[in-house]
Amino acid sequence: MSGNITLLRGLSPAATEQEIYAAAQEYVRKVGGVSGLTTATKAAVDKAVAAIAAATTQLLAELPERRASEGEPPTRRRAARDAVAEEAS
């Protein structure tokens with residue numbers, strides 16, 4: 001799987017909706033082999049990302065607490081936030 005998908009459980013502060021969405025986006029793009037969105041792929045990708053983000057949110061809510069990492073969250077979390085913000089622009 002992609003190195004861009006980072007561990008979201010046990011982060012302090014907890015993973016945000018944007019981070020969960022970015023991980024879902026990366027997963028869908030990797031599994032679907034989609035490097036860019038076109039009119040032919042956008043609807044399917046958006047639907048899959050939403051479903052995976054929802055499933056991930058539910059998974060994180062239902063898993064038992066995990067000891068939070070020490071210090072700053074990994075650099076990948078910042079990159080995920082930046083990627084989502086950039087795509088939203």
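Modeller: Happy to. The chain holds 3 helices and 0 strands, and from the N terminus on its elements run α-α-α. Please keep in mind that this is a predicted model.

Colleague: Noted, thanks. What share of the residues of the chain counts as buried?

Modeller: Of the 89 residues, 25% count as buried. As for contacts between residues at least 6 apart in sequence, 77% of them join residues at least 24 apart.

Colleague: What makes K42 and D46 a salt bridge?

Modeller: The rule asks for a side-chain nitrogen of Lys or Arg within 4 Å of a carboxyl oxygen of Asp or Glu. For K42 and D46 the N to O distance is 2.6 Å, so the pair meets that rule. The count by this rule comes to 1 salt bridge. In general, side chains of opposite charge can pair when their charged atoms come close.

Colleague: How are K42 and D46 placed in helix α2?

Modeller: Helix α2 covers residues 42-62, and K42 and D46 are 4 residues apart in it, so about one helical turn separates them.

Colleague: Why are K42 and D46 called partly exposed?

Modeller: That label sits between the cut-offs, with buried under 20% and exposed over 50%. K42 has a relative accessible area of 42%, and D46 has 30%. Both values fall in between, so both residues are partly exposed.

Colleague: Now the helix pair. Why are α1 and α2 called oblique to each other?

Modeller: The axes of α1 (residues 17-32) and α2 come within 8 Å and cross at roughly 130°. Roughly perpendicular ends at 115 degrees and roughly antiparallel starts over 145. The crossing angle falls between those limits, so α1 and α2 are oblique. The crossing of α1 past α2 is right-handed.

Colleague: Which residues meet where α1 and α2 are in contact?

Modeller: From α1 come I20, Y21, A24, Q25, Y27 and V28, and from α2 come V45, A48, V49, I52, A53, T56, T57 and L60. The residues of this contact divide into 11 nonpolar, 3 polar and no charged.

Colleague: Q25 is in that list, so how do you know whether Q25 is buried or exposed?

Modeller: Q25, in helix α1, has 8% relative accessibility. Buried means under 20%, so Q25 counts as buried. Not counting residues up to four places away in sequence, Q25 touches V49, V84 and E87.

Colleague: Why does L11 count as buried?

Modeller: L11 lies in the segment before α1. Its relative accessibility is 10%, and the cut-off for buried is under 20%, so L11 counts as buried.

Colleague: What makes D82 exposed?

Modeller: Exposed requires a value over 50%. D82 has 52% relative accessibility, so D82 counts as exposed. D82 belongs to helix α3 (residues 75-88). D82 and E19 are 63 residues apart along the chain, and their C-alpha atoms are separated by 9.6 Å.

Definitions and conventions:
Residues are numbered from 1 along each chain as its sequence is written. This is a predicted model: local features need pLDDT of at least 70, side-chain atom pairs count only at pLDDT 80 or more; totals for chains, interfaces and linings use all residues. Side-chain values use heavy atoms; hydrogens and water are left out. Helices (H or I, at least four residues) and strands (E, at least two) are DSSP runs, numbered from the N terminus. Buried means under 20% relative accessible area, exposed over 50%, partly exposed in between (1.4 Å probe, protein chains only). Axes are lines fitted to C-alpha atoms, for helices over the stretch in contact, and angles run from 0 to 180 degrees between N-to-C directions. Angles under 35 degrees count as roughly parallel, over 145 as roughly antiparallel, 65 to 115 as roughly perpendicular and the rest as oblique. A crossing is left-handed if the near helix is turned anticlockwise from the far one by less than a right angle, and right-handed if clockwise. Contact means heavy atoms within 4.5 Å. Ala, Val, Leu, Ile, Met, Phe, Trp, Tyr, Cys and Pro count as nonpolar, Asp, Glu, Lys and Arg as charged, and the others, Gly among them, as polar.
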